[in-house]
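Hello,

Here is the structure I said I would pass on. My notes on its salt bridges follow below.

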Amino acid sequence: MATRPIHPRRRVARLLSGRFGPDARFGARLVTTVAATTLVSVPFAVALVLVESRWAPLQRLDEGAAERLHRTALDHPAWVRVLDFLTHVVWDPVTMRLLVAALVVWLLLRGAVRLALWAAVTATAGGLLGLLVKNVVERTRPHLPDPVSQAPGFSFPSGHAMTATTSCAVLLLALLPLVPHAWRPLPWALAVVSVLGVGYTRVALGVHWVSDVVGGWLLGLAVVTATTLAFEAWRAEVGRGRTTPAQGLEPEIVAERPEPPAGAADGRKDSVDSPRIPHEGPGQCDKNRG
């Protein structure tokens, strides 16, 4: 009888499982996936190439949107004050980071240490990576007659847009399991409105091009995706099932003890990708669960 071939992913998992514990593998995957974000982020890489090459259609889009929104801003000073309040208070990067910091503290107090680490690493990596790309690209901000707002530094990608993307994703994926199913569309709507709203305020106030905002969204999404995949890999290592964005990143957060102790398997569910070791007889301990 022909033997069933072992999937490469399972072969790698077996190799790693013999040398490192689940927490060590989780940390390694977290660091490597964040470091590789810019390499695997194809949409952002395309946007970066188009910006750097000054692709004519993209420049026309940026300039046309900036001119139209600037005329609207000059004609409606009260609307400018609203936009200024939203972008510098409600959706300011400092506000977003304070919310994530409060979340991290709450998760640590609740015992969800790895989820807190995921939230902190995602927010920190997003901020540092955005700053690095800004200083590498060195794109100048829009220069408009009678500007209604000013902003320091370079333009691409938008730090406000990127911070809103990473922060809203962290808050949403971490806290969604605590929201009743009937109410879950509400936080999703708030997150989408916040991310899109931040982008609109930055362009409408004349401090960013449209492509800056799109670049911030794409880079932020790439960071969240990379760290989330690393967290899912840790869940698989400790025997927990995969989750979907509709469930949140760690549905067990509702429990009194949401995470197993360091270096221990969860014991609730076998990993989807790891092979099961059958019982050898009555009373025999399940070797997968220690």
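**Salt bridges and burial**

D62 is buried, with a relative accessible area of 2% (buried means under 20% relative accessible area, exposed over 50% and partly exposed in between, with a 1.4 Å probe and protein chains only). This is a predicted model, in which local features need pLDDT of at least 70 and side-chain atom pairs count only at pLDDT 80 or more, while totals for chains, interfaces and linings use all residues. Residues are numbered from 1 along each chain as its sequence is written, and side-chain values use heavy atoms, leaving out hydrogens and water.

A salt bridge here is a side-chain nitrogen of Lys or Arg within 4 Å of a carboxyl oxygen of Asp or Glu. The count by this rule is four.

One of them joins the side chains of R139 and D62, at 3.0 Å from N to O. D62 sits in helix α5 (residues 56-75) and R139 in the loop between α8 (113-137) and α9 (159-175), so the two are 77 residues apart and the pair links distant parts of the chain (helices are DSSP runs of H or I, at least four residues, and strands are runs of E, at least two, numbered from the N terminus). R139 is buried as well, at 16%.

R240 has a salt bridge with E250, at 3.3 Å from N to O. Both R240 and E250 are buried. R240 also forms a salt bridge with E252, with the closest N and O atoms 3.5 Å apart. R240 and E252 both lie in the segment after α11, so this pair ties together parts 12 residues apart in sequence. Relative accessibility is 2% for R240 and 14% for E252, which therefore counts as buried.

Finally, salt bridges with shared partners join D62, R139 and D212 into one network.

Regards
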